[in-house]
Amino acid sequence: MRVLKDLFEENRKWAGKLKQADPEFFLNLSKQHKPEYLWIGCSDSRVPANEIVNKLPGEIFVHRNIANLVMHTDLNCLSVIQYAVEVLHVKHIIVCGHYGCGGVQAAMDGNDYGLIDNWLRSIKDLYRCHQEKVDSLTDKKEKEDLMCELNVIKQVANVCQTPIVQHAWKSAQNLTVHGWIYSIEDGILKDLNVCITGNDDMV
Ligand code: CO
């Protein structure tokens, strides 16, 4: 099992199936990279970007990290956004969170998790900002669900505030930023209705 043979076998089967449906699929894909969507999601293995919206390779440019955060100091995420907007000219940036996010739960429970507490710092701050509203709910799951939604909305604002997106809008580039949330329990996506197409849409 040292070489994870089963994964290579599955890969051959997967590639074979795609080639059976379209013999030129990979050849055509190798000649261009023109995804319409940038997906910023959580690293959680239960929220695979392409699968949950049934998209093939080549259709979604993806960045994932714990709790789908967009931090203004994160060169990795910012580079992905810049490349997606300025080079690939994606038309949509989707920030997709999910209910039951371990990152959001860890930020809320006050326990010590070591290094990752630094990464989750901004969610702790967000919790403090909305504490009254969140703590007015009595059910723990409801509180966490609300924080997962608030986190997506915050990250949408962060995307919009990047100089990259600001510059794109100033240049009249067609670019919409969306906030979605996914339910691991039933596989269904929900639009949080924070669809931003320019500075006029920002609250
Ligand atoms: Co998560």
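Student: Does Asp 145 count as buried or exposed?
Tutor: The relative accessible area of Asp 145 is 17%. Keep in mind that this is a predicted model, where local features need pLDDT of at least 70 and side-chain atom pairs count only at pLDDT 80 or more, while totals for chains, interfaces and linings use all residues. Residues are numbered from 1 along each chain as its sequence is written, and side-chain values use heavy atoms, with hydrogens and water left out. Since buried means under 20% relative accessible area, exposed over 50% and partly exposed in between (1.4 Å probe, protein chains only), Asp 145 is buried.

Student: Which residues is Asp 145 in contact with, if we leave aside neighbours within four places in sequence?
Tutor: Asp 145 sits in helix α9 (helices are DSSP runs of H or I, at least four residues, and strands are runs of E, at least two, numbered from the N terminus). Contact means heavy atoms within 4.5 Å. With those sequence neighbours left out, the contacts of Asp 145 are Tyr 99 and Gly 100.

Student: Glu 149 makes a polar contact with which side chain?
Tutor: Glu 149 is also in α9, which covers residues 140–161, and at 18% relative accessibility Glu 149 counts as buried. Beyond four places in sequence, Glu 149 touches Ile 181, Lys 190 and Leu 192, among others. A polar contact is a pair of N or O atoms within 3.5 Å; within protein, one must be able to donate a hydrogen and the other to accept it, and residues adjacent in sequence count only if both atoms are side-chain atoms. At 2.4 Å, the partner side chain is that of Tyr 99.

Student: Okay, on to the metal: what are the protein donors of the cobalt ion?
Tutor: Donors are N, O and S atoms within 2.8 Å of the metal (3.2 Å for Na, K and Ca), and water is not among the atoms, so sites may look incomplete. Here the donor residues are spaced C-x55-H-x2-C in sequence. Lying 2.0 to 2.3 Å from the cobalt ion, the protein donors are Cys 42 (SG), His 98 (NE2) and Cys 101 (SG).

Student: How many residues apart are Cys 42 and Cys 101?
Tutor: Cys 42 belongs to strand β1 (residues 37–42) and is buried at 6% relative accessibility. Cys 101 is buried too, with a relative accessible area of 2%, and lies in the loop between β3 (92–98) and α5 (102–109). This pair links distant parts of the chain, and the separation is 59 residues.
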